[in-house]
Amino acid sequence: MHAKVSMATKSIPLPYFLVFTLLSFAFIFIYIHLRRKMGVEGTLEYISDLLSSVKKKKKKKQIQTVALKIRMDCEGCARKVKKVLSGVKGAKSVDVDLKQQKATVTGYVEAKKVLAAAQSTKKKVELWPYVPYTLVANPYVAQAYDKKAPPNHVRKVPASATVSETTIDNRYTNLFSDDNPNACSIM
């Protein structure tokens, strides 16, 4: 049987009382030691850092929207894609647009996991590559223009993309140049 220490109205079993007393003395000793070393402000910061590191906080994921371009031929393909993407952990809503070949997943998801789930359907899948043409500096460069893009959209290209091909031949521009003495002049 446990020996009991009686207090005014309650009796606490001896092992619990000893553990509580030892922990209290340890805390007081650490507090006094740290107060001498770091001052009051440093001690409080140290103790709060120590307590916050004991219970680790989980980072809360942000709600994201992941858009995919998926090759879908019929309503059955669209249902299959919607079912697979709905099964992704954290997915709140899934929208499938058969006409644009687009699937949009909204929720606490990561793009890599959504892409991997979509690839499990054995269909051609890529992240949605299109943006409105007003957001691209040169929407008609070879890298941006795509016949299959939805209306008013082009492929997303870096701002450093430049026009590498020109349809104007230098011979014709020099033909009417003021620097050319043999140029044709029309007055």
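The legends below describe close-up views of a predicted model.

Residues are numbered from 1 along each chain as its sequence is written, and side-chain values use heavy atoms, with hydrogens and water left out. In this predicted model, local features need pLDDT of at least 70 and side-chain atom pairs count only at pLDDT 80 or more, while totals for chains, interfaces and linings use all residues.

**View 1. The elements of the whole protein.** The protein has 4 helices and 8 strands. Helices (H or I, at least four residues) and strands (E, at least two) are DSSP runs, numbered from the N terminus. Read from the N terminus on, the order of the elements is β-β-α-β-α-β-β-α-β-β-β-α. Of the 187 residues, 22% are buried. Here buried means under 20% relative accessible area, exposed means over 50%, and partly exposed lies in between (1.4 Å probe, protein chains only). The protein exposes about 15400 Å², and carbon and sulfur atoms supply 58% of that area. Accessible areas come from the Shrake-Rupley method with a 1.4 Å probe; for residues, only the protein chains shown count as cover. Among contacts with a separation of 6 or more, 46% join residues 24 or more positions apart. A contact means heavy atoms within 4.5 Å.

View 2. Two strands pair if DSSP finds at least two bridges between them. Strand 3 (residues 64-70) and strand 5 (residues 102-107) run antiparallel and are joined by 6 bridges. Strand 3 also pairs with strand 6 (residues 125-127), in the antiparallel sense, over 3 bridges. In a regular strand the side chains alternate between the two faces of the sheet.

View 3. Which residue of strand 5 stands opposite Lys-69? The residue is Lys-102. In strand 6, the bridge partner of Lys-69 is Glu-126. Leu-68 has Leu-127 as its bridge partner in strand 6.

View 4. Gln-101 is in the loop between strand 4 (91-97) and strand 5. Is Gln-101 buried or exposed? Gln-101 counts as buried because its relative accessibility is 19%. Not counting residues up to four places away in sequence, Gln-101 touches Leu-68, Lys-69, Ile-70, Arg-71, Met-72 and Trp-128.

**View 5. The salt bridges.** The structure holds 2 salt bridges. A salt bridge is a side-chain nitrogen of Lys or Arg within 4 Å of a carboxyl oxygen of Asp or Glu. Side chains of opposite charge can pair when their charged atoms come close. In the salt bridge between Asp-73 and Arg-71, the closest N and O atoms are 3.6 Å apart. Asp-73 is exposed, with a relative accessible area of 58%, and Arg-71 is exposed at 51%.

**View 6. Residues with positive phi.** Lys-122 is not a glycine, yet its phi is positive, near 65°. Lys-122 sits in the loop between helix 3 and strand 6 and is exposed, with a relative accessible area of 76%. Asn-152, not a glycine either, has a positive phi of about 65°. Asn-152 is in the loop between strand 7 (130-132) and strand 8, and is exposed at 55% relative accessible area.
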